Structure formats: structure tokens, C-alpha cells
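Trainee: Hi! Could you walk me through this one while I have it open?
Mentor: Happy to, just ask as we go.
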Number of protein chains: 2
Amino acid sequence: MLGSVPLSAPDSAAAMKAKSVLKTRFRILSGEVIALGPGKVELLRLIVETGSLRQAAVRMDMSYMRAWKLVLIMNASFREPLVAALRGGRTGGGAQLTPAGRKVLALYARMEKEATRAVKRSWTQLQRQLK
Amino acid sequence: MLGSVPLSAPDSAAAMKAKSVLKTRFRILSGEVIALGPGKVELLRLIVETGSLRQAAVRMDMSYMRAWKLVLIMNASFREPLVAALRGGRTGGGAQLTPAGRKVLALYARMEKEATRAVKRSWTQLQRQLK
DNA sequence: GGTCGTTATATTCTGTCAAATATAACGCGT
DNA sequence: ACGCGTTATATTTGACAGAATATAACGACC
């Protein structure tokens, strides 16, 4: 038995420093409603990727209805809609970002990068306090 | 009727540009659990301010139990506890931040400032897209 | 030793948000 | 005309996070 690790589950917490992750997130409020946040942004990304609101919803493991409501809120919150949808046709239709949508998505991504960079030093210090 | 505003509720959305607000928030994951986030940080702040977990909970309009559970998670996630509680005594006891707690709180606040600053330009651009 | 306000903890209840479900409409191909 | 896959929308169902409730323990002071 020499060399065996005594009495600890495979994934035991003993001396296991859990990997720590920083998520930098923005929430944009327009009045009371959340015009944009991490979830809505991810949805926008997946709409670009899939060209379909339904498929984007599936990818996010959420109901189509929820995804659709998020789009409603976004479109109502900005000066111009971010998502344009078509229905009918051979493929049944689909959804894509408007120019405004692409712009907003790009700006949000830029903000994420800027913030992550600005915070890096403090984060490594904070990380030292974690288990 | 000249000059009267025709048929609009006092708070009507007609031409009302809702005030837009950016919330920069961090979520710190230690493995699966959220070691720190906006809610827990606010709780820390109110513990400093009130010296009592119960009073802090009331201020945040949450149950004592919830506040207490948040503290449990925080204390378990960091190398040293962030909150120290006493019970008994004339005043019934109380809670305060440990040195580690104060340090973590300060670092989080610093990160908020750094991120807000770094993002300012992009945010004003994004804001222009909002209603 | 009794009171007071707090921390500490388990158990039950409930309000809310999202999932499920159902239905309609759309329009290009065949 | 019909089928297909999508968008669009209302209504019902359900899960679960957090609230409520209850109870105990603590310890300084009178």
C-alpha cells in the first residue's frame, strides 16, 4: 500500500484548492427593465451563430418562449431593434442581428475586455484570499 | 384645449427617455459556488455599518437566515473568514468584518472603480443606442 | 436567576419565474 | 394544395429559492 493516498474520496476537498474564476458582467438598466445583461448578450451571440432564435434557445438550454421574450425586451429598449426575424419560407424563417444589434454586441464585448484588463491586478490580489 | 397634452397618462412613455444605468458587477466563483457577488458585498458593507447581521439583513430586505447563509458561504470560501460573529452579552451580540473581510471588501470596491473607469467611453457609446 | 437582543439552525410553506403545452400564422418548395 | 420549420403568443403547470416559522443557545447586565 505504500504510496497510496489514505482514505480520501477521488474528488475530496482535502487540500483541494477549487479553481477560482472571475466573471465580469454588466447589467444595463433602462428605467426598471434590464435592457441588456450577460444572458441577453449570449443570446445575441448564438443568434449570429445559428441564424435561428429557436436554435439559439436550445443551445442555451432555455425555452423558445423565454428567448423570444428576451428579444422583445431588447428590441423595445433600444432606439432600433437589435434582432430581426423572418418567418415562413423553405427553412421556416430565422433571426439575425440588425446593424444596431451587431454594434451593441461589439460594444458590450469591448467593455468586457476593457474591464477585465483594468481589474487584472486587483483580481490576482483578491484571488490570493480565496481558498 | 389649445396647449393641452392630448391623451397621455401622467407617466406616459411618449417621448420619455428612461434613465439608463450601467451596473458593473463581479461574480467570483470558487469551484461551483459563488464565493462573492454584488449581494454578498452589499451585505458586508451593511455589517460594517450596522455591526449586526440581523440589522444588515433587515436593511437589505432579506430574511436573517438568508443573510446568515451568505455569510456561511463567504466564510467557507476564503482562506480566513470574512465575518466574525459574537453572541450573548448585553446587546445580544453582533457581527463585524475580520481584517480579511475588510481587505476583500476594499479590493472589490477597487475593482468596481477600475472597471467603471476603464469602460466609461464604451458605455457612453452604448448609451447612445438606448432609448 | 431573569431579561434582552442577538447568533444559529431545522423545518415547513409559498410566490414567482420559467417550463410545458397548445395553437396560429407565415411563406417557400414540391 | 400541402408540408415543413420557423416565428409568435396565450394559458397552464411545476420547481425551487427564499420567506416564514419555530426553537435553542449565548452571555453581559441588573
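Trainee: Where is D61(A) found?
Mentor: D61(A) sits in the loop that links α2 (53-59) and α3 of chain A. Keep in mind that this is a predicted model.

Trainee: What is the phi of D61(A) like?
Mentor: D61(A) has a positive phi of about 60°, although the residue is not a glycine.

Trainee: And is D61(A) buried or exposed?
Mentor: D61(A) has 73% relative accessibility, so it counts as exposed; the cut-off for exposed is over 50%.

Trainee: What about D61(B), which phi does that one have?
Mentor: D61(B) is not a glycine either, and its phi is positive at about 60°. D61(B) lies in the loop between α2 (53-59) and α3 (64-77) of chain B. With a relative accessible area of 74%, D61(B) is exposed.

Trainee: Switching to strands. What order do they take in the open sheet?
Mentor: The open sheet has 4 strands in the order β2(A)-β1(A)-β1(B)-β2(B), and the pairing is antiparallel. β2 of chain A and β2 (33-36) of chain B stand at the edges with a single partner strand each, so one side of each has no neighbour in the sheet. From one strand to the next, the twist averages 50°.

Trainee: Is β1 of chain A mostly covered or mostly open?
Mentor: Mostly covered: 8 of the 11 residues of β1 of chain A are buried.

Trainee: How does β1(A) pair with β2 of chain A?
Mentor: β1(A) and β2(A) (residues 33-36) are antiparallel, with 3 bridges. S30(A) has V33(A) in β2(A) as its bridge partner. The hairpin has 2 residues between the strands, and G31(A) there takes a positive phi near 70°.

Trainee: And in chain B, how many bridges link β1(B) and β2(B)?
Mentor: β1(B) and β2(B) pair over 3 bridges, in the antiparallel sense. In that pairing, I28(B) has L36(B) in β2(B) as its bridge partner.

Trainee: What lies across β1 and β2 of chain A?
Mentor: That is α1(A), which runs at about 35° to β2(A). In chain B, helix α1 (residues 38-50) packs on the sheet, touching β1 and β2 of chain B, and its direction makes about 35° with that of β2(B).

Trainee: Now helices. At what angle do α1(A) and α3 of chain A cross?
Mentor: α1(A) and α3(A) (residues 64-77) cross at roughly 105°, and their axes come within 10 Å. That makes α1(A) roughly perpendicular to α3(A). On the α1(A) side, K40(A), L43(A), L44(A) and I47(A) make the contact, and from α3(A) come A67(A), L70(A), V71(A), I73(A) and M74(A). By class, this contact of α1(A) with α3(A) has 8 nonpolar residues, no polar and 1 charged.

Trainee: And how do α1(A) and α4 of chain A pack?
Mentor: α1(A) (residues 38-50) and α4(A) (residues 99-129) pack at about 125°, with their axes 11 Å apart. The two helices, α1(A) and α4(A), are therefore oblique to each other. The crossing of α1(A) past α4(A) is left-handed.

Trainee: Which residues meet there?
Mentor: P38(A), V41(A), L44(A), R45(A) and V48(A) in α1(A) meet L105(A), Y108(A), A109(A) and E112(A) in α4(A). The contact of α1(A) with α4(A) counts 7 nonpolar residues, no polar and 2 charged.

Terms used:
Residues numbered from 1 in each chain as written. Chains lettered and ligands numbered in written order. Predicted model: local features only at pLDDT ≥ 70, side-chain atom pairs only at ≥ 80, totals over all residues. Heavy atoms only, no water. Axes fitted to C-alpha atoms, helices over the stretch in contact; angles between N-to-C directions. Parallel < 35°, antiparallel > 145°, perpendicular 65-115°, else oblique. Left-handed = near helix turned anticlockwise from the far one by under 90°. Contact = heavy atoms within 4.5 Å. Nonpolar A, V, L, I, M, F, W, Y, C, P; charged D, E, K, R; others polar. Buried < 20%, exposed > 50% of the residue type's maximum accessible area, 1.4 Å probe, protein only. Pairing = 2+ DSSP bridges.
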